[in-house]
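Q: Hi! Could you walk me through this one?
A: Happy to, let's have it on screen.

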Amino acid sequence: MKKALLLIIGIVTVCFLIANADYLSNFLDTLKTGALIPLVLSVVAMLARHFVQAASYDAAFDAVGHRTGFWHNVVLIYSLVFINTFCLFSGATGVAFIIDDARRQGCDAGQSTGGAILSQIGYFAAIFVISTIGFVTMLVAGQMNTLFLVGGLALAGVLLVLSSLFFIGHFRPRVLYRFFLWLERPARRVVGLFRRQLKDGWGRHTARSFVNTANILASNPKGALITVSYASFSAILNMACLVAIGYAFGFENVAALVAAFAVAAISVILSPTPQGVGVVEAAIAAILTAYGCSLATATAIALVYRGIMFWVPFCIGAVLLSQSGFFSSKKTASEEQKHKDIGWISGTLVFLVGVVNIGLSFLPDVFKPFTMLTEWVDMSALFVGIPLIVGSVLLIVCAVGLVMRFRTAWAVTLSLLSIIAGAEFLFEGTIQVGVVGIVLVAWLFFQRNAFDRPLTMEELRKGPGKPSRWGKGTRKDSK
């Protein structure tokens, strides 16, 4: 499943970059118009900011008794920039990513959760420090921003809730036990939707581990203080990046730049778009123009700041994500696991073909920025209207069957793709669609041994994660 997820992330990343191609082009053109030395300093501040943030994560897990390693956290930080881009709610997926990474490093549930929450406390505390500076700056200048004020209060509430988990764990452990025991039931229901199950006694074990982590922190308050200090310094470097860019474009009002950064930091958290794309730039430009900066200069500052502080780390994170270990497989993966991976990858590819064609039928304008990608799987030249919808839905159904590794789904998919590819070549002349069809057919044919399950009610109840007795027997007999 992780390989299929990596495939989807790769495709989404390409689409995300294509959709923002004009923005990136404007960023590069605007970058050439700024003063060189301040721009170089802004890049140095950006790199230093992420290294210091990595040190904060290192200190967070060291505080709960687990050593991670500085370079490991550098890779993790840049990977989180990439992962959080596709996650709303200010990096909820990023927190899960941190916990998963810690578990793979040998942490127990409570220790990994405690370290992840402490690292997030450091992050929110750093933003809170900057927000306080921005609040004072705007208050003195008489330029208080309502969005900033509401966001700052919400941030303070989040910080209070996260911190209270450690205080309750240390001073009122029974309350924490009751909370996790209550949480266990709905957690089991949610996990059950994915055909998984929690370990027996999950709530009690997690509460115990969390209480132990809280006690470790209580005996080592210095570690928590170091975490917050590193994170605060990281935020200051982030702010220094914006100030340097302001100087690069001739705007030297430091107070205005600090206020703009404070609003931008809150905007990232409250924004409905991934990592505040579009929203943060508008917020920075609005604050700077309110302080007397020209609209052209304010736009240039906002554009270059986001290019350096978001897009450059985003690209670095895309490269380093493969080194994070999240998508790595065991070197001694069983034959069954390999077949599961093949099923997920095959199903994902076929599913995307079906979904894209349905999207092109109902929401063509949404897919226009991605024409250079969608034209490779667009079957509208061959099918129109109802036949196109039916064919796309059939591909989606087959995709589910491929994930479950049904032999019938494999045969139907193979036949359907062969017909589509042949028709594209012979009648429509859309060669690229035919090429994709032939490639998928070839992939499915050479991986045919992975699809060894019969289409029966018993196999349907097992789901994609269960081996097939029929398949095992067949392979044994074939030997």
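A: One term before we start: contact, or touching, means heavy atoms within 4.5 Å. Also, this is a predicted model, where local features need pLDDT of at least 70, side-chain atom pairs count only at pLDDT 80 or more, and totals for chains, interfaces and linings use all residues. Residues are numbered from 1 along each chain as its sequence is written, and side-chain values use heavy atoms, with hydrogens and water left out.

Q: Good, so what does Gln 120 touch, leaving out residues up to four places away in sequence?
A: Its contacts are Tyr 57, Val 95, Ile 98 and Leu 162.

Q: Where does Gln 120 sit, and is Gln 120 buried or exposed?
A: Gln 120 is in helix α6, residues 109–141. Helices here are DSSP runs of H or I with at least four residues, strands are E runs of at least two, and both are numbered from the N terminus. Gln 120 is buried because its relative accessible area is 11%; buried means under 20%, exposed over 50% and partly exposed in between, with a 1.4 Å probe and protein chains only.

Q: And Asn 238, what's the place of that one?
A: Asn 238 belongs to helix α10, residues 221–248. With a relative accessible area of 10%, Asn 238 is buried too. Not counting residues up to four places away in sequence, Asn 238 touches Arg 49, Phe 261, Tyr 305 and Met 309.

Q: Zooming out, how many helices and strands are there?
A: The protein chain has 21 helices and zero strands. It runs to 479 residues, 47% of which count as buried.

Q: What share of the contacts is between residues at least 24 apart?
A: That share is 73%, taken among contacts between residues at least 6 apart in sequence.

Q: How do α4 and α13 pack?
A: Helix α4 (residues 70–85) and helix α13 (residues 295–320) have axes 7 Å apart, at an angle of about 110°. The axes are lines fitted to C-alpha atoms, for helices over the stretch in contact, and angles run from 0 to 180 degrees between N-to-C directions. The two helices are therefore roughly perpendicular; that label covers 65 to 115 degrees, while under 35 is roughly parallel, over 145 roughly antiparallel and the rest oblique.

Q: Which residues meet there?
A: From α4, they include Val 75, Tyr 78 and Phe 82, and from α13 they include Phe 310, Phe 314 and Leu 320.

Q: New topic: how many salt bridges does a search of the whole structure find?
A: Two, counting a side-chain nitrogen of Lys or Arg within 4 Å of a carboxyl oxygen of Asp or Glu. In one, Glu 281 pairs with Arg 306 at 3.4 Å, N to O. This pair links distant parts of the chain, with Glu 281 in helix α12 (residues 279–290) and Arg 306 in helix α13, 25 residues apart. Both Glu 281 and Arg 306 are buried.

Q: What about Asp 452 and Arg 405?
A: They form a salt bridge, with closest N and O atoms 3.2 Å apart. Asp 452 is in the loop between α19 and α20 (457–462) and Arg 405 in the loop between α17 (386–403) and α18, so the pair ties together parts 47 residues apart in sequence. Asp 452 and Arg 405 are both buried.
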